[in-house]
Amino acid sequence: MQCDVCIIGGGLVGCSTALHLVRAGKSVVLVERDRIGAHASGANFGGVRRHGRNVLELPLSTRAFDIWRNMGTLVGNDCEFMPTGHLKIARSEAEMAVLEQWSSFGAEHGIPVVLHDRTSLRANFPWLNTSSFGASFCPGDGHANPRLAAPAFALRAGAEGAVVIQGDGATTVEDARDEFEVTLHSRRRIRAAVLVNAAGAWGRHFARYYGDEAPVEAVAPQMFVSEPVPYIIDAVLGMVTGGLYLRQIPRGNVIFGGGRGILDPNCHRSSPSDRVFAETVGLAGDLVPSLRDIAVIRSWTGVEGHCEDGLPILGPSPRRANLYHAFGFSGHGFQMAPAVGAVLSELIARGFSETDISALSPRRFTGAKSSILAESEI
Ligand SMILES: Cc1cc2nc3c(=O)[nH]c(=O)nc-3n(C[C@H](O)[C@H](O)[C@H](O)COP(=O)(O)OP(=O)(O)OC[C@H]3O[C@@H](n4cnc5c(N)ncnc54)[C@H](O)[C@@H]3O)c2cc1C
């Protein structure tokens, strides 16, 4: 099979890239080892926030925000995006200082946030406990249904001409003159002028084929969903410490996450941890007292690529022309993936993008490290 661009990985990053590339006039083959959206892109919390992001991600995150607001127009499915706003809780004066500092970064990037002290927090979010020190609230951020997003992009890309292969993974990548030759498990071969490595937690493996090293490890964030209860939690909730993130859907179920589950030794699958279950359910009840006796009906995990500096590996390979990396999204990829596809398609089809992703370049691990602010929350 011959194409302009072969994409390895059918998570939201790969599917978004496929759609934007076919719209830019490229012939595209997307290869997914399992099912579309089967891994992090389908298992995640569904948080769509710019609030509290590392400033180096804000150009991409801001662009993604605009896409999320118009998702229905782009893919024919709004993916249940709800712009409820995102509330980040501080439990001490020191944590409040972190929120105040970020509110200045946000203002510089056109993202207004509202700071709340204990009294206004209580008045505006009466479902919260009374012991939180303060919070910041970012209107416009929100949540969406991760089960819908990657399939919606893949369906749209397929309808517009991309070839989407599922259940057949790439086993090797070789140079074939100026092109790439990707061999699949079934022994099918794909020749492409451009290769996009969107293999999520497994992207490091393909980067190494061309000597591109990236300190990305697989981790398994853990999630929970409760029985349906009356709808009261009308914002996505997070904490400065990152210990808990929580949202409620209109049907009443409360979806929340925190801590990390157990990875299989081969890092392909993961499973929930009982200890994390007890800790995170306890924390949810502390923060939102009405959840204290709630029945948690399911817990699950997903495998995510986490880079040591907490930023994705995104951009052209430093060593191989026409190879692009887009992996290791470190807990932030659901929100940003719609823009990742747009930016990669611009780089591939036009040679430049106005969205500044230079700080996310794979190059940062070939030389001196940049100084980067830590961000703990998914
Ligand atoms: C529990 C959890 C909660 C999260 N919460 C949030 C959140 O609230 N907000 C947010 O923005 N982000 C969140 N994230 C992070 C987000 O889900 C990821 O960053 C994002 O989905 C990454 O997308 P991806 O396409 O790079 O990876 P994936 O969805 O993992 O897709 C990569 C795909 O590559 C495929 N692949 C790998 N090797 C091969 C091969 N050899 N051949 C073919 N295919 C291959 C895999 O099968 C996989 O489907 C969370 C992640 C987890 C796990």
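1. The side chains of Asp141 and Arg50 meet in a salt bridge with an N to O distance of 2.7 Å, a salt bridge being taken as a side-chain nitrogen of Lys or Arg within 4 Å of a carboxyl oxygen of Asp or Glu. Asp141 lies in the loop between β6 (134-138) and β7 (142-143) and Arg50 in the loop between β3 (47-48) and α3 (58-69), so the pair ties together parts that are 91 residues apart in sequence. Helices (H or I, at least four residues) and strands (E, at least two) are DSSP runs, numbered from the N terminus. Asp141 counts as buried at 0% relative accessibility, and Arg50 is likewise buried at 5%; buried stands for under 20% relative accessible area, exposed for over 50%, and partly exposed for what lies in between (1.4 Å probe, protein chains only). By the salt-bridge rule the count comes to 16.

2. On the basis of these values: this is a predicted model, in which local features need pLDDT of at least 70 and side-chain atom pairs count only at pLDDT 80 or more, whereas totals for chains, interfaces and linings use all residues. Residues are numbered from 1 along each chain as its sequence is written, and side-chain values use heavy atoms, with hydrogens and water left out.

3. Glu179 forms a salt bridge with Arg191, the closest N and O atoms being 3.8 Å apart. The pair links distant parts of the chain, with Glu179 in strand β10 (residues 179-184) and Arg191 in strand β11 (residues 189-197), twelve residues apart. Arg191 counts as partly exposed, at 29% relative accessibility.

4. Within helix α10 (residues 333-350), Glu346 and Arg350 lie four residues apart, about one turn of the helix, and they form a salt bridge whose closest N and O atoms are 3.5 Å apart. Glu346 counts as buried at 12% relative accessibility, while Arg350 is partly exposed, with a relative accessible area of 48%. Elsewhere, salt bridges that share partners join Glu179, Glu181, Arg189 and Arg191 into one network.

5. The ligand is surrounded by 37 residues, of which the closest are Glu32, Ser41, Gly47, Glu304 and Gln335; a residue is near a molecule if one of its heavy atoms lies within 4 Å of it. The shell divides into 17 nonpolar, 15 polar and five charged residues, where Ala, Val, Leu, Ile, Met, Phe, Trp, Tyr, Cys and Pro count as nonpolar, Asp, Glu, Lys and Arg as charged, and the others, Gly among them, as polar. Domain 1 (2-63 + 146-215 + 308-365) and domain 2 (83-142 + 218-306) both give residues to this shell, so the ligand lies between them; the domain bounds come from an automatic or database domain assignment.

6. A nitrogen atom of the ligand is 3.1 Å from a polar backbone atom of Arg33, a nitrogen atom of the ligand is 2.9 Å from a polar backbone atom of Ala170, and an oxygen atom of the ligand lies 3.1 Å from a backbone N or O atom of Phe334. Taken alone the ligand exposes 1000 Å², and the protein buries 99% of that, with accessible areas from the Shrake-Rupley method and a 1.4 Å probe. The elements that give two or more residues to the shell are α1 (12-23), β2 (28-32), α2 (40-43), β13 (221-226) and α10.

7. Ser317, in the loop between β21 (313-316) and β22 (323-327), is buried with a relative accessible area of 7%. The side chain of Ser317 reaches the backbone nitrogen of Arg319 at 2.9 Å.

8. Phi of Arg177 is near 55 degrees, a positive value in a residue other than glycine; Arg177 sits in the loop between β9 (170-176) and β10 and counts as exposed at 79% relative accessibility. Phi of Ser330 is also near 55 degrees, again positive in a residue other than glycine, but Ser330, found in the loop between β22 and α10, is buried with a relative accessible area of 5%.

9. Asp293 is found in the loop between α9 (274-287) and β19 (296-301) and counts as exposed at 74% relative accessibility. Asp293 and Val281 are twelve residues apart in sequence and 9.7 Å apart in space, C-alpha to C-alpha.

Key: Polar contact = N/O pair within 3.5 Å; in protein donor to acceptor, adjacent residues only side chain to side chain.
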